[in-house]
Amino acid sequence: METAAPNYLLIIGGVLFVMLNVAAALIWVERRMLALWQDRYGPNRAGPFGLLIVAADSIKLFFKQDWIPPFSDKPVFVLAPAIVVISVLLSFVVIPFAPGIIVADLNIGLLFFLAMSSMGAYSIILGGWASNNKYSLLGAMRGAAQMISYEVFMGLALMGVVLMAGSFNLREIVEAQQGLWFFIPQILGFIIFFIAGIAETHRLPFDIPEAESELIAGFHSEYSGMKFGMFFIGEYMGITLISCMLVTLYFGGWLGPDFLPPIVWFIIKVVAFLMIFILLRASMPRPRYDQLMEYGWKILLPLTLVNLMITAAVVLWLEG
């Protein structure tokens, strides 16, 4: 027991350190990739290849005036940005990065992930409401409807994976993909989960809660300084979380040929999905709000139910 404790604390510290730094690094990566795909210069003045732009942004956020509007609900206003960071960080505890590299190997790991991702909606709702600003409130209402709706499709899409693996434990789901990654039999569930993941993290093209052409900056219009920065740290950690879940559930997690360590395979797959998230921002137009909601309830919901019924029928047929 005494020998296990330091390793356990090391894993917790490592995951926390890596995830917070990945969120910071993605700021630079996204700018460079957007510049590459849009045929323009990215950050290229602050340090070699603009690498110091992350440090410059961080210093700016730390030293900007941390202003709280006098008309806001101050305790809730301050709490809202912290909720998104805490809920995303808690979601990482159930992800198996490699054999033996997991913070909490829960039997209900998948349900824990869904519960923590649901908590993220409170950040947007409380932040927009506590700002006492009409634009912020409208962004919060949009965000609440969007995130709660797409959580339904996300949860139903995952049930196909649960049926095939016979477990809610993420480590066991990865191990069940030894012969065949679930991306192939669950291609429809993967596409639905991916779309729902974009909506959950309110990334382009689904950045409806913060549509700057309509709502100034949406739910975080009144935020400044590090509280403003925490919303963006939460967003970048959110797309990293969704990428980790896509890899774990559909692309075999750490599984890969033996010439690379398992953790390296996991990182390569996650980075590939992060590049797809950035490419979507560079290329996709934003739909109208009503189109987004109709797309979910009229198209994705029937498809998730069809995928669930077909998967259940095939599993029963194979077992029988």
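The questions and answers below concern salt bridges and one threonine in a predicted model.

Q: What makes the pairing of Glu 30 and Arg 203 a salt bridge?
A: The side chains of Glu 30 and Arg 203 meet with N and O 2.3 Å apart, and because a salt bridge asks for a side-chain nitrogen of Lys or Arg within 4 Å of a carboxyl oxygen of Asp or Glu, the pair qualifies. The structure holds 8 salt bridges.

Q: How do you know that the pair of Glu 30 and Arg 203 links distant parts of the chain?
A: Glu 30 lies in helix α1, residues 4–37, whereas Arg 203 lies in the loop between α7 (187–200) and α8 (212–215), and the two are 173 residues apart. Glu 30 and Arg 203 also belong to a network of salt bridges that includes Glu 235 and Arg 281.

Q: Why are Glu 30 and Arg 203 called buried?
A: Glu 30 has a relative accessible area of 2%, and Arg 203 likewise has 2%; since buried means under 20%, the word applies to Glu 30 and to Arg 203.

Q: What makes Asp 105 and Arg 171 a salt bridge, and which parts does the pair tie together?
A: Their side chains meet at 2.6 Å, N to O, which is within the 4 Å limit and therefore counts. Asp 105 is in the loop between α3 (74–91) and α4 (109–130) and Arg 171 is in helix α6 (residues 170–175), so the pair ties together parts 66 residues apart in sequence.

Q: Where does the salt bridge partner Glu 175 lie in relation to Arg 171?
A: Arg 171 forms a salt bridge with Glu 175, with the closest N and O atoms 3.3 Å apart, and both residues lie in helix α6, 4 residues apart, about one turn of the helix. Glu 175 is partly exposed, with a relative accessible area of 35%.

Q: How do you know that Thr 311 is buried, and what does its side chain reach?
A: Thr 311, found in helix α11 (residues 289–319), has 7% relative accessibility, and because this is under 20% it counts as buried. Its side chain reaches the backbone oxygen of Asn 307 at 2.7 Å, and, leaving aside neighbours within four places in sequence, Thr 311 is in contact with Gly 160, Leu 163, Met 164 and Gln 186.

Note on methods:
Residues numbered from 1 in each chain as written. Predicted model: local features only at pLDDT ≥ 70, side-chain atom pairs only at ≥ 80, totals over all residues. Heavy atoms only, no water. Buried < 20%, exposed > 50% of the residue type's maximum accessible area, 1.4 Å probe, protein only. Polar contact = N/O pair within 3.5 Å; in protein donor to acceptor, adjacent residues only side chain to side chain. Contact = heavy atoms within 4.5 Å.
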